Amino acid sequence: MDKKIRNSIKAIIIRDNRLLTIKCEDEMGTFYLLPGGGQEKYELMPDALKRECIEEVGVDVEPGRLMFIREYLSDNHEFAEYDNHVHQIEFMFETTIIGDAEPTMGEHGDPYQVGIEWLELDNLMDYRLYPQTLRDKLMNSKYDGPIYLGDIN
């Protein structure tokens, strides 16, 4: 089977010690993801991030520095049966909301998306946030340049 690699651009939006996430539901309950999604052919990463944030959280954003790079090989994780042999590279950017707009669920959210939610950074371990390793990184780490996370969940 020929696998294609897909780029996904994600926003790390932190305000008042809280992380903006999209809230999702599946058969196991509630889970959270960073806003963002697939980069289209000939689309620059900042443009993809802006488009995805408007679609999922209804706000215009300004992409900042690249913080994390994650590879996701679905066959190595618990969702392999649902992800159909995905190889995705996620680029996670520090991102700010332009102006004083308040995020809302966008018109074209993810299939599992049921809303948005601000999660307290100090309590991230209490949430099913993907990738899960990101919880500790955001709670305890200081930024020291783009960090390659590898194939993590």
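In the predicted model, Arg-70 stands opposite Glu-90 in strand S7. Strands S6 and S7 pair in the antiparallel sense, and 10 bridges connect them. Strand S7 is also joined to strand S1, here in the parallel sense and through eight bridges. In S7, Ile-89 has Asn-7 standing opposite. Of the 11 residues of S7, nine are buried, so this strand is largely enclosed by the rest of the structure.

The surroundings of Ile-97 can be listed in detail. When residues up to four places away in sequence are not counted, Ile-97 touches Ile-13, Arg-15, Leu-20, Val-59, Asp-60, Val-61, Pro-103 and Trp-118.

Helix H3 spans residues 133-140, and its buried residues are Leu-134, Arg-135 and Leu-138. Viewed down the axis of H3, these buried residues fall within an arc of 110°, so they line one face of the helix. In an α-helix there are 3.6 residues a turn, so residues three or four places apart point the same way. The buried residues of H3 pack against strands S1, S3, S6 and S7, and also against strand S9 (129-130).

Methods
Residues numbered from 1 in each chain as written. Predicted model: local features only at pLDDT ≥ 70, side-chain atom pairs only at ≥ 80, totals over all residues. Heavy atoms only, no water. Contact = heavy atoms within 4.5 Å. Buried < 20%, exposed > 50% of the residue type's maximum accessible area, 1.4 Å probe, protein only. Helix = DSSP H or I, 4+ residues; strand = E, 2+ residues; numbered from the N terminus. Arc of directions from axis to C-beta. Pairing = 2+ DSSP bridges.
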